[in-house]
Amino acid sequence: MKKLFFCLLISTGLMAQSNAIRFSPIGVNEIGATVGLTYERFLSQKLSLVFPLDVVFRQHDNYWNGDQLSSPAYFYFTPGFKFYPASVDRPVKYAIGANAVIGAGQRYYSVDSYYNSPYVKANNTRLGIMVTNYVNFDITSRFTMGINFGLGLLYVDQSKYKNNDLNGTVQLGTNFGFKF
């Protein structure tokens with residue numbers, strides 16, 4: 001009975017490090033301010049999968065004619081992996097990872113190139129890759145805080161009124177969460 005209890009205790013401790021849910025109350029990217037949620041699944045002591053979903057709130061677009069158009073929110077999904085050069089057992093951890101960038105939302109575009117042209121709303125799609133650096137701080141065995149910074153390229157950035165072109169992408173965010 002003591003062996004069974006000991007094995008159960010050890011397996012519960014190992015399971016405590018197998019998942020993490022993190023909330024990002026504030027962040028920014030090249031579009032605007034972000035709020036997000038991330039699920040992290042630890043595969044080993046050095047590797048994990050991450051599934052961040054961010055809502056990006058664009059600020060007002062101010063055009064030459066003085067009109068201010070409130071752009072709707074974007075949704076960014078950036079799945080990827082994190083590699084921990086040291087171990088995930090340390091209280092302060094550094095990780096680097098690669099993420100796919102999948103963005104969708106609406107944006108205002110000028111339909112003509114003349115001065116007072118009307119602006120129309122159109123769907124915008126963004127696809128690319130990003131390299132992200134992470135620093136996580138374990139406050140307790142279950143509570144964690146962190147910061148991340150990513151740079152990448154968007155290979156697809158197009159809509160009905162905009163041709164596809166190569167653009168950069170950047171992301172900076174803070175987070176806190178729970179490991180379970």
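Modeller: Helices and strands are DSSP runs, a helix having at least four residues and a strand at least two. In this predicted model, the elements run α-β-β-β-β-β-β-β-β-β-β-β from the N terminus.

Biologist: Why is Gln171 called buried?

Modeller: The relative accessible area of Gln171 is 15%, and the cut-off for buried is under 20%. Gln171 is therefore classed as buried. Gln171 belongs to strand E11, residues 167-179. Beyond its neighbours within four places in sequence, Gln171 is in contact with Val28, Asn29, Asp54, Met130, Asn148, Phe149 and Gly150.

Biologist: Why is Gln106 called partly exposed?

Modeller: Gln106 has a relative accessible area of 30%. Partly exposed covers the range between buried, under 20%, and exposed, over 50%, so Gln106 falls into that class. Gln106 is part of strand E8, residues 92-110.

Biologist: Which residues does Gln106 touch, not counting those up to four places away in sequence?

Modeller: Gln106 touches Arg58, Pro72, Ala73, Tyr74, Lys121, Ala122, Asn123 and Asn124. Tyr74 is 32 residues from Gln106 in sequence, yet their C-alpha atoms are 6.8 Å apart in space.

Biologist: What makes the pairing of the Gln106 and Asn123 side chains a polar contact?

Modeller: The side chains are joined at 3.3 Å. A polar contact requires a pair of N or O atoms within 3.5 Å, one able to donate a hydrogen and the other to accept it; the pair is therefore counted as a polar contact.

Biologist: How many salt bridges does a search of the whole structure find, and what makes the pair Arg22 and Glu40 one of this kind?

Modeller: The search finds six salt bridges. In the pair Arg22 and Glu40, the closest N and O atoms are 2.2 Å apart. The criterion is a side-chain nitrogen of Lys or Arg within 4 Å of a carboxyl oxygen of Asp or Glu, so this pair qualifies.

Biologist: Where in the chain are Glu30 and Arg126, the partners of another salt bridge?

Modeller: The closest N and O atoms of Glu30 and Arg126 are 2.6 Å apart. Glu30 sits in the loop between E1 and E2 and Arg126 in strand E9 (residues 119-138), so that the pair links distant parts of the chain, 96 residues apart. Glu30 counts as partly exposed because its relative accessibility is 30%, whereas Arg126 counts as buried at 5%.

Biologist: Why are Asp138 and Lys179 counted as buried?

Modeller: Asp138 has 16% relative accessibility and Lys179 has 4%. Because buried means under 20%, each is placed in that class. Their side chains meet in a salt bridge of 2.8 Å, N to O. This pair links distant parts of the chain, with Asp138 in strand E9 and Lys179 in strand E11, 41 residues apart. Elsewhere, salt bridges that share partners join Arg22, Glu40 and Lys82 into one network.

Conventions
Residues are numbered from 1 along each chain as its sequence is written. This is a predicted model: local features need pLDDT of at least 70, side-chain atom pairs count only at pLDDT 80 or more; totals for chains, interfaces and linings use all residues. Side-chain values use heavy atoms; hydrogens and water are left out. Buried means under 20% relative accessible area, exposed over 50%, partly exposed in between (1.4 Å probe, protein chains only). Contact means heavy atoms within 4.5 Å.
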